[in-house]
Amino acid sequence: MLHLMEKLLDTLNLEYTTFRLYTIAFILFLLSLFIARATLKMVKFFYEYSANAQKLRCFPEPPRRNWFLGHYGMIRNSEEGLLMVDNLVKSNIYACSWWFSMCYPIVRLFHPSSIKPVLHVPAVIAPKDELFYGFLKPWLGDGLLLSRGEKWMKHRRLLTPAFHFDILKNYVKIFNQSTEIMHAKWRRLAAEGPVCLDMFEHISLMTLDTLLKCTFSYDSNCQEKPSDYIAAIYELSSLVVKREHCLPHHIDFIYHLSSNGRRFRRACKIVHEFTAGVVQQRKKALEEKGTDDWIKSKQGKTVDFIDILLLSKDEDGTLWSDEDIRAQADTFMFAGHDTTASGISWIFYNLACHPEYQEKCRKEITELLEEKDEKQLDWDELSQLPFTTMCIKESLRLHPPVTAVSRRCTADIKLHDGKVIPKGNVCLLSIYGTHHNPEVWPNPQVYDPYRFDPENLQQRSSHAYVPFSAGPRNCIGQNFAMAELKIVVALTLYHFSVTLDPTKKIRRLPELILRAENGLWLQVEELKP
Ligand code: HEM
């Protein structure tokens, strides 16, 4: 080799150092060409997406299998990301997959024709995107949110009765109680006058308290004192988001070796041991008493989700395995606490921005509660709050707690304009984008509860408003959530007023659910009778 190089240098009549200089210059030249090409591609990409998004609709071919359909993922998790979605929606582009979108500029360098945006992707019955949902798997196992196929179908069928109105009615007392505990805390904090509170902090503790009671009949007193279980749930939620943002951690092997991976495993262990413990105790009691006596012993008490799962059987008489019950209970805790907390927090924010609507809700609630000795709401009264319900629905439109869901298409999906999303593609369906489509929602950024006036409902497609997703894989807990939202909002507005704190700027933060950067701070003041 050395001999060959000497020969070459002789032929070219070059010194060894000069040759090295030439080589370095040549490599630098190649590198600068590569960087120039990359920069041009990046500039083109941003140009297309900001100024020229309209043109993107004209790409003729469908995307290749497993490539993504849009690419706002890079900055999706920020206020700017949401503003960009607004722009995409104006151009009728509101579907994309998320994971590859993070490395979009790099991929596009090598596969310039592989990525195409697609319009109006319909929701499909399909397994969910394995990548992101996979991060939740070690925590939630094969619970309803993550299971698929036959198993999902069977479990959904078995679980549907657990969310029937007759069962949900029993939880109304718990919703009232948990809200009162939060109010007692607020009263202490606001004893000296209006106080600024982070809504997410207080309300998510309250929704966790409620869910622990409805799922396990467990009174953790977590609104008043710290709990290991609650701390573990918080830690798991935040670690899943951190993992999504750190590409190397998408690889299981690397993640397991990292300190966050170890923290995730530790928190999972705490949560799983808690749930497994409750399931074991309950099963033992059921075996000892026998089913009939067990049901009798429950009379007068609230039947919780664990009871319902233990008592339910499939047509073939099979019972749930311990592992399945654990997975479902953990799934309810995950799917039901942050979502509801986000929904309630943003409702208070919107009502703080619009004191006139807040006052109108308060009037409606006061008329309902005035006559009652116990200032609590019953199930039947929830339908007697039409204006408050309109305000809640409008807030779920403007600030949907779940901003997007993703699906892997199990069949080719033909779009209305003839384009086809091939089977196998992962689509990210932007609920936020759908709720901000100006063709359906004029002035989409404006909070206007009258959009949900029954008179205006007929004009819209049923899929224009999907805070709980749509189709067979929609939210099984939506009636539970709506009842909780109404009770917490009604009781809070009856006892307190909420106003904006001019010193705190609110910026939206779409993570697993729609949060606010640095918290959602509002001034709370007790209303004296
Ligand atoms: C305001 C509150 C809530 C909102 C906005 C909400 C929204 C959603 C959405 C958008 C989905 C679809 C997720 C996906 O496909 O990736 C979903 C699924 C689900 N939700 Fe909710 N949810 C709320 C409250 C609840 C509550 C309180 C529970 C349980 C107590 C619950 C349990 C579930 C479950 C188990 C699924 C999975 C259903 C399936 O795949 O069959 N949710 N929710």
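Tutor: Two strands pair if DSSP finds at least two bridges between them. This model is predicted: local features need pLDDT of at least 70, side-chain atom pairs count only at pLDDT 80 or more, and totals for chains, interfaces and linings use all residues. Residues are numbered from 1 along each chain as its sequence is written.

Student: What makes β1 and β9 a pair?

Tutor: β1 and β9 (residues 521–526) are joined in the antiparallel sense over four bridges; the definition asks for at least two, so they are a pair. Strands here are DSSP runs of E with at least two residues, and helices are runs of H or I with at least four, both numbered from the N terminus. V195 stands opposite V524 in β9.

Student: Why are β1 and β6 said to stand at the edges?

Tutor: The open sheet has three strands in the order β1-β9-β6, with antiparallel pairing. β1 (195–198) and β6 (496–500) each have a single partner strand, so one side of each is left without a neighbour in the sheet. Neighbouring strands of this sheet are turned by 40° against each other on average, direction ignored.

Student: Why is T366 called partly exposed?

Tutor: T366 lies in helix α17 (residues 355–369). T366 has 13 other C-beta atoms within 10 Å. A residue is buried at 20 or more, exposed at 12 or fewer, and partly exposed in between (C-beta atoms placed from the backbone), so 13 gives partly exposed.

Student: How is the packing of α10 and α16 described?

Tutor: α10 (residues 199–216) packs with α16 at an angle of about 145°, their axes 8 Å apart. The axes are lines fitted to C-alpha atoms over the stretch in contact, and angles run from 0 to 180 degrees between N-to-C directions. In α10 the contact includes M199, F200 and I203, and in α16 it includes A329, F332 and M333; contact requires C-beta atoms within 7 Å. By class, this contact has eleven nonpolar, seven polar and one charged residues.

Student: Which residues are closest to the ligand?

Tutor: Of the 23 residues surrounding the ligand, the closest are A335, G336, T339, C475 and G477. To be near, a residue must have its C-beta atom, placed from the backbone, within 6 Å. The elements giving two or more residues to this shell are α16 (322–353) and α21 (478–495), and α16 supplies the largest share, seven residues.

Key. Contact = placed C-beta atoms within 7 Å. Nonpolar A, V, L, I, M, F, W, Y, C, P; charged D, E, K, R; others polar.
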